[in-house]
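Please open the model in your viewer and keep the sequence beside it, as this tour moves from one selection to the next.

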Amino acid sequence: MGSITTVHTSMISVLLDRVSETIEKVGMVSLYLFKELPMHLWKPSASEVDLICDWLLNYNLTDVENKLACVILEGLNWGLSEHGSLHLDSEVHVKVALTALEAYQKYLSQKPYSGLLSESIKQVSYLASIVRYGETPETSFNQWAWSLILRLKLDANNPALQLPWPAVAALPWGSTPAESPTFHPLLKAVRAGLPIGCYLALAMTTLGSSVEKFCAEGIPLLGILVQSRHLKTVVHVLDKVLPLFYPCQYYLLKNEQFLSYLHEFLQLDSGVPQGMTQQVTHKVAQHLTGTSYGENLKLLNSMIQGHIFTSSHPNGVGPAAVLEFWVQLLISQPLWHKERATLCLMDHLCQAAFQFNQEDCVQKLLYQQHKNALGYHCDKGLLSSLVSWIVAGNVTPSFIEGNANPTQVWFAWTVLNMESIFEEDSQLRRVVERELVTSSSTPDQALKKAQAQLKLPIVPSLQRLLIYRWAHQALATPADHPLLPLIWQKFFLLYLHRPGPQYGLPVDGCIGKRFFQSSSHIGLLHDLKQRLIEVADFHHSASKALRLESPMDGGERSVENGCSKPNHLISPQLHKELVRFFNVCILWLEEESFQKGDIYLPSLPKQYDVHRLAMIMQNQQDLWIEFVNVERIQHDFQEAINFWLQVKLESHAPLSALSARTDFTNPLLG
């Protein structure tokens, strides 16, 4: 039957007609029949949609008619056809949405999961029994309704979708729930604080498509969705609403209620609340919404990456606007740099900023917070407390906990570049280097002299100096990370810097060794050399593995030293170049004559890469992008966008076709 209806989809209408006449006799068998049919190819007529909606609304959850309606609606294609337009008319989406809402109100409005997840003992006991004894018809319908509602395309004016949809005038979507009789069930649901009604109000009405109405009435509805743990739904709402606000960000960034809901979203998705009652509610919410915690963070990140990409199109607001909005939102919460979920998002934002050449806008926002953390622009009482705290032996504040961040490397890259700007702007680096060159001061003594000369309220602790920071980050960064060569470049720009001419002195040796006189710092130099050897070995092995495991041989992945990436993401030639580069770095680190100043660069052997060495010693800051695995950066970005496209468009066309319609350019090299 499935094969026949695949070719002749009109046969599904014939089967539906016959089943409707004999459903009392056929019973549950009809469910199995329609589950096996290619429902995603079928386009029901208006009368057939009315019949299915009647079954959904006017038969109990345990009746065959209701179950069959759920099976049919679940099987339909609510996304795009092969031609890129909606498979089913917009009116069908709206009718099904309102009918599902009415059914939800009729059968579930008295149940705890229809509203907020309360903390009362009675309700928690009931919810715990659901998890313990399995699903009831109500819990099954709850999950089905939410799944269906999120698949419906209810926003005809969404510019991000760019679909040939009917104009708003053809439908009552330009209204609020209170302005149209069509929305009576929606109005009831919103007044009752029903989460599914709150979502539909934001998706279908001006509460989610007007800046003024969202700020006045929409944000509380968003809060209900967050507090009832419908986090995936929150991402869908943000996708619809935020493009309105990127050109006028202050409306949301100055709205304490909105900020608190977004911060609560991040907390709910990144960890389990403490306390028995909270843990039970947390587990039940996970059961009812059918989502594992952490998944919504991935979804949110993919949505943000999609907004960044869309904003880069002609007439878009530009990637900087999207990046600035999200960075300001994330760093507005106290101690944000200690939150795992926030750091995860910041890492992806920093990667996008690098790819779109927009790092300045992120660094600018972090720079101001960094200065504030070091006592700039604060009152004398707070400054005194901060000084006492540091004098007591604590390390000066930084957005990177510890010496380095091995997990969020893009974030670490951005923070260290920002701290480097501060080190230069405050003239701290210049004065410290002068003290090391003109006197026999230790780095610690030079730092104290610099503070006195520059009259800085606070100077970073010794281990916060950028030459040590880049060194530790180079040690911590995975061998296959695209940024690793640039992190080593940043280290050598400081280690092989020749500061003499700046102070009227003759061109002398490099400054680096003077920072590494203590036993602990000598050990750090040894670790750096060992790490360079390991990384060179890694890329040597990887280049051989990739040559042996070509697609023709059926091999798709190379796993070396904990690295598992598709082969096409890095070429054997780039591996070879990186082997050569890291071997050059070993020579630069070991060569004592560089530190003494008695070297003539043109006389050095070829393996020293004299051209790049001269660029380093001349303090040329241009990044060596030729060593960066650009293909992997593009792949990660495209993978994130494709993930969101699949969720958002739910197309039955191949994903490759969707990607073909999306022009993934390479702004990194533009």
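What is the mean pLDDT of the chain, and what share of its residues reach 70 or more? The mean is 80, and 76% of the residues reach 70 or more, where pLDDT is the predictor's confidence in each residue, from 0 to 100. This is a predicted model, in which local features need pLDDT of at least 70 and side-chain atom pairs count only at pLDDT 80 or more, while totals for chains, interfaces and linings use all residues. Residues are numbered from 1 along each chain as its sequence is written, and side-chain values use heavy atoms, with hydrogens and water left out.

(Helices, H or I with at least four residues, and strands, E with at least two, are DSSP runs numbered from the N terminus.) Then select residues 546-568, where the pLDDT is below 50 and where the model has 36 contacts beyond near neighbours in sequence, a contact being heavy atoms within 4.5 Å.

Now go to helix α8, residues 137-151, and select Trp146. Trp146 counts as buried because its relative accessibility is 6%; buried means under 20% relative accessible area, exposed over 50%, and partly exposed in between, with a 1.4 Å probe and protein chains only. Leaving aside residues up to four places away in sequence, Trp146 touches Tyr104, Pro195, Ile196, Tyr199, Leu225, His230 and Thr233.
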